[in-house]
Amino acid sequence: MSAAFNLDNVARAAKVRLMIFDVDGVLTDGSLHYGAEGESMKTFNVQDGLGIKLLQESGVQTAIISARRSPQVTARARDLGIELVHQGGHDKLTPFKAMLQQLGLEPEQVGFIGDDVVDLPILSRVGFAVSVPNGRPEVHSRVHHITEAFGGRGAVREVCEFVMRAQNSYDRILNQFMV
């Protein structure tokens, strides 16, 4: 499934106008750290964050849909300029449909990266369904692409670059750093 540049996956990624990210297990490694007062902490990957910013710069919109509600996700989304954020509840399909309607997009114009069974309703509908190596087997059997990098460890950057390469925007975006 990983087949980095499978032509069908390239064609699917070329159509993506909105890339949606799950959080736990995708933007993070899935670990939840609790302090003595019960506060939770999450760790995000800085390279994943830059990947999202570059994807946005290439013209692809980004969003987050997460089953858990977390002030850390709100803060991270704000830092990355992600305006479409839905948190809380295992029903991810309703916010997905609302995003499509708000943006006037069809499901085949959307990519989603998730790792667990709560992500299946979206993964089964989008044009470019992606998971991470540590995703659940039920998810792996239903996605188009599995990243080589793990969640929270570069998977998001990998998928952002995959989409940009499929859309022939990667070199243009990269050139700004080649001064």
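A nonpolar core here is a set of buried Ala, Val, Leu, Ile, Met, Phe, Trp, Tyr and Cys residues joined through side-chain atoms within 4.5 Å. Buried means under 20% relative accessible area, with exposed set at over 50% and partly exposed in between (1.4 Å probe, protein chains only).

Before you start clicking: this is a predicted model, where local features need pLDDT of at least 70 and side-chain atom pairs count only at pLDDT 80 or more, while totals for chains, interfaces and linings use all residues. Residues are numbered from 1 along each chain as its sequence is written, and side-chain values use heavy atoms, leaving out hydrogens and water.

**Stop 1: the core**

Select Met-19, Phe-21, Ile-52, Leu-55, Ile-113, Phe-128 and Val-163. In the largest nonpolar core, which has 31 residues, these touch the most other members. Now colour the elements that supply two or more residues to this core: strand S1 (18-21), helix H2 (23-27), helix H3 (46-57), helix H4 (71-80), strand S7 (128-131), helix H8 (155-166) and helix H9 (170-175). The labels follow DSSP runs numbered from the N terminus, with helices (H or I) of at least four residues and strands (E) of at least two. Which element gives the most to this core? That would be H8, with 8 residues.

Next, centre on Ile-52 and show its contacts (heavy atoms within 4.5 Å). Skipping neighbours within four places in sequence, Ile-52 is in contact with Phe-21, Leu-27, Thr-62, Leu-80, Ile-82, Val-156 and Cys-160. Another core, of 20 residues, lies apart from the one you have been looking at, and Ile-20, Leu-105, Ile-122 and Val-139 are among its residues.

**Stop 2**

Over to the charges. Side chains of opposite charge can pair when their charged atoms come close. For a salt bridge, look for a side-chain nitrogen of Lys or Arg within 4 Å of a carboxyl oxygen of Asp or Glu. The whole structure has 9 salt bridges.

Pick Lys-92, in the loop between S5 and H5. Its side chain forms a salt bridge with that of Asp-22, at 2.9 Å from N to O. Lys-92 is in the loop between strand S5 (84-87) and helix H5 (93-103) and Asp-22 in the loop between S1 and H2, so this pair ties together parts that are 70 residues apart in sequence. Are these two buried or exposed? Both Lys-92 and Asp-22 are buried.

Asp-119 sits in the loop between strand S6 (110-113) and helix H6 (120-123) and Lys-92 in the loop between S5 and H5, so here the parts tied together are 27 residues apart in sequence. Asp-119 counts as buried at 0% relative accessibility, and Lys-92 does at 1%. Through shared partners, salt bridges join Asp-22, Lys-92 and Asp-119 into one network.

Keep Lys-92 selected and bring up its surroundings. Not counting residues up to four places away in sequence, Lys-92 touches Asp-22, Ile-65, Ser-66, Ala-67, Val-118, Asp-119 and Ile-122.

**Stop 3: Asp-24 and Lys-42**

Here is another salt bridge to show: Asp-24 with Lys-42, their closest N and O atoms 2.5 Å apart. The pair links distant parts of the chain, 18 residues apart, with Asp-24 in helix H2 and Lys-42 in the loop between strand S3 (40-41) and H3. Asp-24 is buried at a relative accessible area of 16%, and Lys-42 is buried at 12%.

**Stop 4: Leu-84**

Jump to Leu-84, in strand S5. Leu-84 is buried, with a relative accessible area of 13%. Leaving out residues up to four places away in sequence, Leu-84 touches Leu-18, Thr-62, Ala-63, Ile-64, Met-99, Gln-102 and Leu-103. Draw a C-alpha to C-alpha distance to Leu-55 and you get 15 Å, for a pair 29 residues apart in sequence.

**Stop 5: two helix pairs**

Two packed helices are described by the angle between their axes and the distance between the axes. The axes are lines fitted to C-alpha atoms, for helices over the stretch in contact, and angles run from 0 to 180 degrees between N-to-C directions. Angles under 35 degrees count as roughly parallel, over 145 as roughly antiparallel, 65 to 115 as roughly perpendicular and the rest as oblique.

Show H3 with H4: they pack at about 50°, their axes 10 Å apart. That makes H3 oblique to H4. At the meeting place, select Val-46, Gly-49, Ile-52, Lys-53 and Gln-56 in H3, which meet Arg-76, Asp-79 and Leu-80 in H4.

Finish with helix H1 (residues 7-14) and H8, which pack at about 85° with axes 8 Å apart. H1 is therefore roughly perpendicular to H8. Asn-9, Val-10, Ala-13 and Ala-14 in H1 meet Phe-162, Val-163 and Ala-166 in H8.
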